[in-house]
Amino acid sequence: MNPLRCLLVDDERLARVELSALLQEAGGCTVVGEAANAEEAIKLAVSLKPDVLFLDINMPQTDGFELLRQLEAPPTVVFVTAYDEFAVEAFSVQAFDYLLKPVRPERLAATLARLQEQFAFSPDERIFLPHTNGGRFVALADIHLVRAYDHYVRIYHSEGSD
């Protein structure tokens, strides 16, 4: 399986350096970019299209939650923060995981293993998404996010959402 393409977002340079080193040591993840603030992160997320966003919450000007609201189709998100009080809110925005700083290598390895399982499918696999005008097939590799609402599901993919 190809390594996951990961984008690191943290206003603290040393935190990014540490997380990057831990990810390299754990394997299975290639850091494709780093951002120190939301503005940089949004540009990189749009241009690089990472599989996973490792995101700090408490940043100046725009926090991690607001950053996610500004992304049209955010990638899979793993929050990495020093504050445990945001965990409930993090999972309400469909976070894949919530890691507390300092990140323990074994905890990160477990997260990466679960991420690998989530992304372990053939890029040729497709699903049919029914729509009022008939529907279409979408490659699983093109799906970025699935959001469940009361009685329906919205699937965000590279061509928009259904």
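Strand 1 (residues 4–9) and strand 3 (residues 52–55) run parallel, joined by four bridges. Strands here are DSSP runs of E of at least two residues, helices are runs of H or I of at least four, and both are numbered from the N terminus. Two strands count as paired if DSSP finds at least two bridges between them.

Before I go on, this is a predicted model: local features need pLDDT of at least 70, side-chain atom pairs count only at pLDDT 80 or more, and totals for chains, interfaces and linings use all residues. Residues are numbered from 1 along each chain as its sequence is written, and side-chain values use heavy atoms, with hydrogens and water left out.

Back to strand 3. Its Val52 is the bridge partner of Cys6. Val52 also stands opposite Thr76 in strand 4. Strand 3 and strand 4 (residues 76–81) run parallel and are joined by four bridges.

Which way do the side chains of strand 3 point? Val52 and Phe54 point one way, Leu53 and Leu55 the other, and all are buried. Buried means under 20% relative accessible area, exposed over 50%, and partly exposed in between, with a 1.4 Å probe and protein chains only. In a regular strand the side chains alternate between the two faces of the sheet.

Next, Cys6 again. A disulfide joins Cys6 to Cys29, with S to S at 2.1 Å; the rule asks for a pair of cysteine sulfur atoms within 2.5 Å. By that rule the count is one disulfide. Cys6 lies in strand 1 and Cys29 in strand 2 (residues 29–35), so the bond ties together parts that are 23 residues apart in sequence. Cys6 is buried at 0% relative accessibility, and Cys29 is buried at 10%.

Now the helices. Helix 1 (residues 13–26) packs on helix 5 (residues 105–119) at about 65 degrees, with axes 10 Å apart. The axes are lines fitted to C-alpha atoms over the stretch in contact, and angles run from 0 to 180 degrees between N-to-C directions. Leu19, Leu22, Leu23 and Ala26 of helix 1 meet Pro105, Leu108 and Leu112 of helix 5, where contact means heavy atoms within 4.5 Å. By class, that contact has seven nonpolar, no polar and no charged residues.

Last, the open sheet of three strands, in the order 8-9-10 with antiparallel pairing. Strand 8 (143–148) and strand 10 (160–161) are the edges, each pairing on one side only. Strand 9 (residues 153–157) pairs with strand 10 over two bridges, and Tyr156 stands opposite Ser161 in strand 10.

Technical notes: Ala, Val, Leu, Ile, Met, Phe, Trp, Tyr, Cys and Pro count as nonpolar, Asp, Glu, Lys and Arg as charged, and the others, Gly among them, as polar.
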